[in-house]
Amino acid sequence: MARISLKEVDKYGTSGNDYFHLSNDKDTANIRMLIRSMDELEIYAVHYVDAVSDNGNKYQRKVECLEPQGQECPLCKADNYQAVKIFIPVIHEGIVKIWERGKTFIPKITSNFKRYAEKDSGLMSREFEVQRNGEKGSTDTTYELFVLEKDDFNFDESDFEYPKIEGELVDVVSSEEMLKLVDGEQVQTTAKKPSKKIVVKKRTKKDNIETF
Ligand SMILES: [Zn+2]
């Protein structure tokens, strides 16, 4: 039986981008969602805060909202929009990437999970074709998932580290620091660009040949 293992390889450069996205209307791609159980879903309430990087580029930081932890959140109080985001690890073209979607995508995951999840591997037991519906830059873009046949993908946890979301893709900021953000000051970021690129070993033809 062929076993595909996930193996960590080289490091990302500064331009490394491990987010999965489709750019244009009707673009499609095949992905495998690394979701074994619904408990694993990485869902966060976040705020977007304007920031400037070390090299002077403007960007938006994602900062974790404090409300779900039972604390008063200065950014909520300042009417900064609170967005719910789900971060889905996927394998796309042999590389593990993060697919970031909004709250409305969560029911698509749960309904597919009910239909297609396998006992141990969850949704990893098959690939899905994803199609983008929405022009480039459109704010009401949606994504459709089309299930593909179950295959013999075999996941070995020891070969793979899930990308860390909290503290890396989403900033964790204290209440005091948030007050500074509300005042337009910059605070130290916890978020770093993930430095790991994980590549899935290609299945070789030889692996699939049965010997008698
Ligand atoms: Zn908040």
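# Exercises on a predicted chain

Asp 152 is exposed, having 12 other C-beta atoms within 10 Å. The model is predicted: local features require pLDDT of at least 70, side-chain atom pairs count only at pLDDT 80 or more, and totals for chains, interfaces and linings use all residues. Residue numbers start from 1 along each chain as its sequence is written.

## Exercise 1: Asp 152

Solution. 
1. Take the classes: a residue is buried if 20 or more other C-beta atoms lie within 10 Å of its own, exposed if 12 or fewer, and partly exposed in between, with C-beta atoms placed from the backbone.
2. Elements are DSSP runs numbered from the N terminus: helices are H or I of at least four residues, strands are E of at least two.
3. Ser 125 is 27 residues away along the chain, with a C-alpha separation from Asp 152 of 7.3 Å.

## Exercise 2: Layout and confidence

Task: give the order of the elements and say where confidence is lowest and highest among them.

Solution. 
1. The chain holds 4 helices and 9 strands, in the order β-β-β-β-α-β-β-α-β-β-α-β-α.
2. pLDDT is the predictor's confidence in each residue, from 0 to 100. Its mean over the chain is 79, and 77% of the residues reach 70 or more.
3. Among the elements, S1 has the lowest mean pLDDT (33) and S7 the highest (97).
4. Residues 1-16 have pLDDT below 50, with 34 contacts in the model beyond near neighbours in sequence; residues 194-212 are also below 50, with 35 such contacts. A contact requires two C-beta atoms, placed from the backbone, within 7 Å.
5. Where pLDDT is low, predicted coordinates should not be read in detail.

## Exercise 3: The core

Task: which residues touch the most other members of the largest nonpolar core?

Solution. 
1. A nonpolar core is a set of buried Ala, Val, Leu, Ile, Met, Phe, Trp, Tyr and Cys residues joined through C-beta atoms within 7 Å. Of the 212 residues in the chain, 21% count as buried.
2. The largest core has 29 residues, and Ile 31, Met 33 and Val 90 touch the most other members.
3. Two or more residues each come from strand S2 (28-33), strand S3 (42-52), strand S5 (82-92), strand S6 (95-102), strand S7 (126-133) and H3. S5 gives the largest share, 4 residues.

## Exercise 4: Strand pairing through S7

Task: trace the pairing from S2 to S7 and on to S8.

Solution. 
1. Two strands pair if DSSP finds at least two bridges between them.
2. S2 and S7 pair antiparallel over 4 bridges, with Asn 30 opposite Glu 129 in S7.
3. S7 and S8 pair antiparallel over 7 bridges. Here Glu 129 is opposite Phe 146 in S8.

## Exercise 5: Positive phi

Task: what is phi for Lys 26 and for Glu 93, and where do they lie?

Solution. 
1. Most residues other than glycine have a negative phi.
2. Lys 26 has a positive phi near 70°. It lies in the loop between strand S1 (6-11) and S2 and counts as exposed, with 10 C-beta neighbours inside 10 Å.
3. Glu 93 has a positive phi of about 50°. It lies in the loop between S5 and S6 and, with 11 C-beta neighbours inside 10 Å, counts as exposed.
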